[in-house]
Amino acid sequence: MGMRKVAVVGAGMTRFVRRALETPKELAYEAAKMALDSCELKLKDVDGVVVGSAVDAFDGFHMKGEYLSDGAGGWRKPFIRHSVGGATGVFSCIHGWMHVASGLFDVCLVLAEEKMSPCQPHPQGAFLTVYDAILERPLGLNLTWIVPQEMNLYMIRNGYRSEDVARVAVKNKRNALDHPAAMMGEELTVQDVVNSEVISWPVHRLDISGTADGATAVVLASEEVAKRITNKPVWVDGVGYNLDTWYWTSRDLAYPVYVEKAARMAYEMAGIKEPQKEIHIAEPYDPFTFKELQNLEALLLADQGKAAQLLAERVFDRDGRMPVCPSGGLLGVGNPIAAAALMKVAEVFWQLRGEAGKRQVPGNPKTGLAQAWGDMMQAGTVVILKI
Amino acid sequence: MDKSVQLKGTAIRESDIKEGKVLSTQWVPKAQYAWDTGVAIGRFLEELKGGKIIGMKCARCRRIMIPPRMFCELCYQPCREWVYLQDWGTVRSFCVSHLRWDASRMKDPFLPSVIELEGSTKGMGFFHLTGEIDPKDMKIGLKVKAVWKDARERTGAITDIRYFKPV
């Protein structure tokens, strides 16, 4: 298609914490600087900067991109910010890829940030502002009123019990114990999850990731630059993104067809015919336990209605046949929205390079996938990386 | 990136702010908006005021849509055919929420529900609350009917329907 090869050559991130002392701009600087340092590049080597951040109402800065620009290294450079809600962080990588694949830039710095803690009394309240002002907000809803509608129908359609989806939390929170940024790493049992407080049935407290502050960055480079600065470039082999209708009540709440469409777009670009065999590790979006399973099915990495069984058979464990969320995911590392999804891209990058330390999956994986989900439960974003 | 890497980012607690160990600034926004209801939802709300629920039919795909819209987002065609729906239907999905919109807890849970109203095309959902039912008895497939405010109290708002209750 006349597009240039693009590689991820560096990555960095801050700790994810419930409430950070640092400002959003300071968090952005720390992650972006770490990413540049990791590939021994200076800001002068960067041709353009891309910033992803989900909802302005969290940080409390309208036009958050402009505010973040200095921290993200955007001073007097081509700079652009995007947002697709929860799907933002993975789209950040796609947006950076566009700039390099097109030939516009040789080096693009990609930064994703979210500081949710300023929103009082709880960041959940900011979600009210994304719903329909006339038909939905007067009912006083929030995210925990609508996402469980999906979870309920998804579990019934596939015959999953609370215990089946709870295993996602057990696995991811355990994996997160080995992640230096993690705020929710824990050794739990399935019973701990199903016995935790019912937030919004069928969602228990431990089924849901935690709001957080944090930033993540990656550096993307053209083939020529990538080969010059590293002997381990990780190629962006495929990208996909798709948006379903905004009218969420008229969608199939049990199956995110838009995620499948995003995945098929990415697989086609990467020449992947049999995802279950060709994808070695996956970081699907896991803001809620069931979402990891539902996304795996929509990504065609598990047959519909089979993901829970594979999870129980430990196929998705770090030493399983297809490690899923070896980072610990949003459930374990934490969920500063855009930063959390770009963290998934960074994790696949580190895993493919064999640099994940205690989290390293065995077997020298060659191909990995990161995916996020968001907007009004309508956006799917997918990136496929290959070493 | 191994576990041993010392990442930047300093965790603070709510108490650090309360005790003045970390300085913070507060601001309570007084944002005010007046949203025009638009063509489709304007009519929809007028009908609610009259105790009726109205949808819109797409001439091309024949979907009867709720909430009504002036164009079909699938066919990308204008819509003109208003269709009255029943004020009862089937629960397609629901949850039992103990959280208010601002994440504060409540003892008696809300039952937010996606309801397929009789007369709309299968798969079309309508978002509202279910009431007058023990949460333990809620189930997908339950038949429910709108509980309306008295005609004099209705203002042309989604809250003109108080909630839906089991038939």
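**A helix and what it packs against**

Begin by selecting α2(B), whose buried residues pack against β1 (53-57) and β12 of chain B; here packing rests on contact, meaning that the C-beta atoms of two residues, placed from the backbone, lie within 7 Å. Before going further, note that this is a predicted model, in which local features need pLDDT of at least 70 and side-chain atom pairs count only at pLDDT 80 or more, whereas totals for chains, interfaces and linings use all residues. Residues are numbered from 1 along each chain as its sequence is written, while chains are lettered from A and ligands numbered from 1 in the order in which they are written. Helices (H or I, at least four residues) and strands (E, at least two) are DSSP runs, numbered from the N terminus.

Within helix α2 (residues 39-49) of chain B, highlight B:I41, B:F44, B:L45 and B:L48, which are buried; a residue is called buried if 20 or more other C-beta atoms lie within 10 Å of its own, exposed if 12 or fewer, and partly exposed in between. Looking down the axis of α2(B), you will find its buried residues within an arc of 95°, so they line one face of the helix, the arc being that of the directions from the helix axis to the C-beta atoms. After the helix comes B:G51, which has a positive phi near 85°.

**The sheet of chain B**

Next select the open sheet of 5 strands in chain B, which follow the order β10-β9-β6-β11-β12 with antiparallel pairing; two strands pair if DSSP finds at least two bridges between them. Its edge strands, β10 (126-129) and β12 (161-166) of chain B, each pair on one side only. Strand β9 (residues 112-117) of chain B is joined to β10(B) by 4 bridges, and B:S113 has B:H128 as its bridge partner in β10(B).

**Where the chains meet**

Strand β5 (residues 198-201) of chain A runs antiparallel to β7(B) and is joined to it by 2 bridges, with A:W201 and B:V96 as bridge partners.

**Into chain A**

Move to strand β8 (residues 234-243) of chain A, where 8 of the 10 residues are buried. It is joined by 2 bridges to the antiparallel strand β1 (residues 6-13) of chain A, A:A7 being the bridge partner of A:W235. Another 8 bridges join β8(A) to strand β11 (residues 379-386) of chain A, also antiparallel, and there A:V236 stands opposite A:L385.

Which helix holds A:T88? Select helix α4 (residues 88-101) of chain A to find this residue, which is buried, with 31 other C-beta atoms within 10 Å. A:S53 lies 35 residues from A:T88 in sequence, yet the two are 6.5 Å apart in space, C-alpha to C-alpha. Beyond residues up to four places away in sequence, the residues that A:T88 touches include A:H82, A:A112, A:I337 and A:G374.
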